[in-house]
Amino acid sequence: MIALLEWVLPERGKRRKAAAVKEEIVLHLRLYRMGVLRGPRTPETVLRRRVLAAGKRLRKMGVTQAVLPEGFPYGRELARCGVRPVSTLPLRRALAADWVRWVLEKQGKGTAGARVAVCAAQLTGEVVRTVTELCLRHRYVLLDLPYGGEELCRQLRREYGVSLLLGPSKEQLEGAEALVLFDPRTDLVRKDPAVLTLYDETQALPPISLPPAAEEALPQGADRGQLLAALREAGVLRPGQVTVAGARA
């Protein structure tokens, strides 16, 4: 089970525990909801001590992953207790094709004729899914892999009648309108900002939309990417319910 960590304002005249926890269900996902007291004048040292205590308590309860508040600066304290943020990497990779379209549209570029390059260290299921979706939306898709990919090229041509350029040159990769990186590539020089670093959780996610009922049920103040990643990983949100807002189909 995961935890949802959130800041709680102290109430005047009431004594509350520095870190109170309760079991709760959010959109059919059972989790521990822990509130950590933080007032407008709470000293930094006190906050760190409270977060550390909260992390130790969660770890004793068997929690290793948590959805943190937006802009949470005390991840190191939680890591010392063996509690880490919920990873957003699977969510980022699931949204990659829609994300590319959103970025191109935001920059005022055409999407169908845009050249989209994908770089990965190996041909995983996530890479196959992303490349397939991109090929169905864009005329020119380039795939750079250390090895493999030939069967995927044949499959895409056989099943969908689309072509995939395998093994593009460095110049072709750098000249693409959008570059999707599943793994770091320090050798590429990019002037265009349309680069998705799907291995980097610090890159800002695109705006993500949900069904209205699900949106209304989300707790306020939580890191949106981590929360949606947790809900999606648990199967509470199905793939079609998590979409990039504004990306036209």
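Buried means under 20% relative accessible area, exposed means over 50%, and partly exposed lies in between, using a 1.4 Å probe and protein chains only. This is a predicted model: local features need pLDDT of at least 70, side-chain atom pairs count only at pLDDT 80 or more, and totals for chains, interfaces and linings use all residues. Residues are numbered from 1 along each chain as its sequence is written, and side-chain values use heavy atoms, with hydrogens and water left out.

**Stop 1: Thr197**

Select Thr197. Its relative accessibility is 13%, so Thr197 counts as buried. The residue sits in strand 10 (residues 195–197). Helices (H or I, at least four residues) and strands (E, at least two) are DSSP runs, numbered from the N terminus. Now show the neighbours of Thr197. Leaving aside residues up to four places away in sequence, Thr197 touches Leu181 and Gln203. Contact here means heavy atoms within 4.5 Å.

**Stop 2: the sheet around strand 10**

Widen the view to the open sheet. Five strands lie in the order 8-7-6-9-10, with parallel pairing. Two strands pair if DSSP finds at least two bridges between them. Strand 8 (165–166) and strand 10 are at the edges; each has a single partner strand, so one side of each is left without a neighbour in the sheet.

Select strand 9 (residues 178–181) next. Strand 9 pairs with strand 6 (residues 115–119) in the parallel sense, over four bridges. Look for Val116, whose bridge partner in strand 9 is Ala178. Towards strand 10, three bridges join the parallel strands 9 and 10. There, Leu179 has Val195 as its bridge partner in strand 10.

Which residues of strand 9 are buried on its two faces? Ala178 and Val180 are buried on one side, Leu179 and Leu181 on the other.

**Stop 3: helix 4**

Select helix 4 (residues 96–106). Nine of its 11 residues are buried, so helix 4 is mostly covered. The buried ones are Ala96, Ala97, Trp99, Val100, Arg101, Trp102, Val103, Leu104 and Glu105. What covers them includes helix 3 (89–94), strand 6, helix 5, strand 9, strand 10 and strand 12 (243–244). Step past the end of helix 4 to Gly108, whose phi is positive, near 75°.

Helix 4 and helix 5 pack at an angle of about 40°, with their axes 8 Å apart. Axes are lines fitted to C-alpha atoms, for helices over the stretch in contact, and angles run from 0 to 180 degrees between N-to-C directions. Helix 4 and helix 5 are therefore oblique to each other. Angles under 35 degrees count as roughly parallel, over 145 as roughly antiparallel, 65 to 115 as roughly perpendicular and the rest as oblique.

Who meets whom? From helix 4, select Ala96, Ala97, Asp98, Val100 and Arg101; in helix 5 they meet Thr130, Glu133, Leu134 and Arg137. The residues of this contact divide into four nonpolar, one polar and four charged. Ala, Val, Leu, Ile, Met, Phe, Trp, Tyr, Cys and Pro count as nonpolar, Asp, Glu, Lys and Arg as charged, and the others, Gly among them, as polar.

**Stop 4**

Select strand 1 (residues 3–8). Five of its six residues are buried, so strand 1 is largely enclosed by the rest of the structure. Strand 1 pairs with strand 3 (residues 29–37) in the parallel sense, over six bridges. Pick Leu4: its bridge partner in strand 3 is Arg33. Two bridges join strand 1 to strand 4, and these strands also run parallel. Ala3 stands opposite Ala66 in strand 4.

Now display the aromatic side chains. The whole structure holds three aromatic pairs. How are the rings of Trp7 and Tyr74 arranged? Their centres are 6.1 Å apart and their planes at 90°, so the pair is edge-to-face. The pair links distant parts of the chain, 67 residues apart: Trp7 is in strand 1, and Tyr74 is in the loop between strand 4 (65–67) and helix 2 (75–80). Rings of Phe, Tyr and Trp (its six-membered ring) pair if their centres lie within 6.5 Å; planes under 30 degrees apart count as stacked, over 60 as edge-to-face and the rest as tilted. Tyr74 is buried, at 4% relative accessible area.

**Stop 5: Leu228**

Finish at Leu228, in helix 9 (residues 224–233). Is Leu228 buried or exposed? Leu228 is buried, with a relative accessible area of 0%. Apart from residues up to four places away in sequence, Leu228 touches Leu91, Ile208, Leu210, Leu218 and Leu237. For a distance check, pick the C-alpha atoms of Leu228 and Leu104: they are separated by 24 Å, and the two residues are 124 apart along the chain.
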